[in-house]
Amino acid sequence: MKAVLGLEDGTFVKGEGLGVEGIVQGELVFTTQYTGYEEALTDPSYRGQILLFTYPLIGNYGVSGETFQSEHMQAEGLVVREACDHPSHHKSRRSIYEFLRDEGKSGIMGVDTRMLTIKTREHGTMKAAIIAGSDDGEEAVRLAREQPDIGSLDLVGRVTCKQPYRVNGNKNGGSMVLMDFGVKRNIIKSLNNRGINVTIVPATTPAKDIMNYEPDAILLSNGPGDPQQAVNGISVVKELAGQLPIFGICLGHQIISLALGGNTYKMKFGHRGANQPVKDLKRGIVHITSQNHGYAVDESSIDGKEVSITQKNANDGTVEGLEHKYLEIMSVQYHPEAHPGPLDTEKIFFDRVAEKMKKIKVAVK
Ligand SMILES: NC(=O)CC[C@H](N)C(=O)O
């Protein structure tokens, strides 16, 4: 099948189609992870985005379904140098070709992903379109340009759960309400593994409904799009700060920052990969983290009397973690739940969350 990828700056590249025939529009973003394509493609944070892998061989160990981060593929489309159609792994159930087809999604392969990455780094993230089934470059460019900015879309509304549901932990480590902005399964699993019972609620749940569950703490999840769109999340944090511990991951961290009076901005091309170095400023050590974000918290807007920046990206100095100075509020920009990527920060973040919840229980008794 023919295919073409167009960018808003007028660039287009022709390649071979993957998945089903059709048109895909979204923001083109690149990830540098070598593996973990199954986890990344099913991460709801990639809604509204076409995901390009800089690593040239994708699909070698097939798709098992065991590490999906949600029910389905979430990225709008896929761009790879070479996709493997004869995967080899004992857990593989299908090839990446079959996976895209089953999901009704489209992609393109056989294109110069290095050139596209350099272009994205130089120009900044661009709107893009893939046409699987055509090689009309002018049309692909037109479709790339003719779409709303990702920042104007309510992407969280497309991925949040419709109804609350509960997933219990393996012992009684307290109860938590998790605001679902597009949560990755491994966040829930990491909490459950520490005995935490988690009630997952839609992103639009108001503070008083959250308090009806009588939670020991709340956690704001990762998710797609611009954090400034998450107006309910921001007001929940404003209302509940000081009443119970609040934790956040990625989009959740950005929402917490906005609620505490900070600002967020769109980065030139974001951080997406499995080896982003993050410096823990208190302890002076660097952790290797999994990341996927295009927005960041503006340090000067938040670092001050009430909030301390606890972690920073060792590559570009952007904010990676914060803690409130006297309230139980803690959040990270990276993904401690990994999947994809290294588990280095899994223990540190989730053990601390579990510890803080235990303390609250003891204090209440
Ligand atoms: N993984 C996430 O939660 C991403 C957060 C936000 N959508 C961003 O791109 O910055």
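Mentor: We'll take the annotated site, then the domains, then the salt bridges. Keep in mind that this is a predicted model.

Trainee: Which residues does UniProt list for "active site"?
Mentor: The UniProt record, an unreviewed entry, gives Cys 250, His 335 and Glu 337. They are spread over 88 residues of sequence, yet they cluster in space. Their largest C-alpha distance is 11.0 Å.

Trainee: Which of these residues is in the lining of the largest cavity?
Mentor: That lining includes Cys 250.

Trainee: Where is Cys 250 found?
Mentor: In the loop between strand S14 (246–249) and helix H9 (251–259).

Trainee: Is Cys 250 buried or exposed?
Mentor: Buried. Its relative accessibility is 4%, and the cut-off for buried is under 20%.

Trainee: What is Cys 250 in contact with, leaving aside its neighbours within four places in sequence?
Mentor: Asn 222, Asn 292, His 293, Val 332, Gln 333, Tyr 334 and His 335. Note that His 335 is itself on the UniProt list.

Trainee: And Glu 337, where does that lie?
Mentor: Glu 337 is in the loop between strand S19 (329–332) and helix H11 (346–364). Its relative accessible area is 0%, so Glu 337 counts as buried. Beyond its neighbours within four places in sequence, Glu 337 is in contact with Lys 184, Asn 186, Ile 187, Ser 190, Ile 249, Leu 343 and Phe 350.

Trainee: Back to H9. How many of its residues are buried?
Mentor: Nine of its nine. Leu 251, Ile 255 and Leu 258 are among them, and so are the polar His 253, Gln 254 and Ser 257.

Trainee: What follows H9?
Mentor: Gly 261, with a positive phi near 95°.

Trainee: Changing topic. How is the chain divided?
Mentor: Into domain 1 (2–147) and domain 2 (156–364). Their centres, taken over C-alpha atoms, are 28 Å apart.

Trainee: What does UniProt list for residues 1–131?
Mentor: The unreviewed entry has them as "domain: Carbamoyl-phosphate synthase small subunit N-terminal".

Trainee: How many residues are in contact between domain 1 and domain 2?
Mentor: 27 residues of domain 1 are in contact with 20 residues of domain 2. The area buried between them is about 2,000 Å². Carbon and sulfur atoms give 48% of that.

Trainee: Which three residues supply 28% of the area that domain 1 buries?
Mentor: Ser 45, Arg 47 and Gln 69, more than any other three residues.

Trainee: What about Ala 40? Buried or exposed?
Mentor: Ala 40 is buried, at 1% relative accessibility. Ala 40 lies in helix H1 (residues 37–41). Not counting residues up to four places away in sequence, Ala 40 touches Gln 33, Tyr 46, Leu 51, Phe 53 and Pro 340.

Trainee: Now salt bridges. How many is the count?
Mentor: The count comes to 19. Between domain 1 and domain 2 there are two.

Trainee: What does Glu 71 form a salt bridge with?
Mentor: With Arg 185, the closest N and O atoms being 3.3 Å apart. Arg 185 is in helix H6 (residues 185–192) and Glu 71 is in the loop between strand S5 (57–58) and strand S6 (77–80), so the pair ties together parts 114 residues apart in sequence. Glu 71 is exposed, at 56% relative accessible area. Arg 185 is partly exposed, at 38%.

Trainee: How far apart are the closest N and O atoms of Arg 142 and Glu 146?
Mentor: 2.8 Å, and the two form a salt bridge. Arg 142 is partly exposed, with 39% relative accessible area. Glu 146 is partly exposed as well, with 47%.

Trainee: And Glu 346 with Arg 194, buried or exposed?
Mentor: Both are buried. Their salt bridge has its closest N and O atoms 3.3 Å apart. Glu 346 lies in helix H11 and Arg 194 in the loop between H6 and strand S12 (197–202), so the pair ties together parts 152 residues apart in sequence.

Trainee: Which residues do salt bridges that share partners join into one network there?
Mentor: Arg 194, Glu 346, Lys 347 and Asp 351.

Notes
Residues numbered from 1 in each chain as written. Predicted model: local features only at pLDDT ≥ 70, side-chain atom pairs only at ≥ 80, totals over all residues. Heavy atoms only, no water. UniProt positions renumbered as here; feature names shortened; annotations may be inferred. 1 Å grid on protein atoms, 1.4 Å probe; cavity = no way out; pocket = protein on both sides within 12 Å on 5 of 7 lines; lining within 4 Å. Helix = DSSP H or I, 4+ residues; strand = E, 2+ residues; numbered from the N terminus. Buried < 20%, exposed > 50% of the residue type's maximum accessible area, 1.4 Å probe, protein only. Contact = heavy atoms within 4.5 Å. Domains from an automatic or database assignment. Buried area = accessible area lost by both parts, 1.4 Å probe. Salt bridge = Lys/Arg side-chain N within 4 Å of Asp/Glu carboxyl O.
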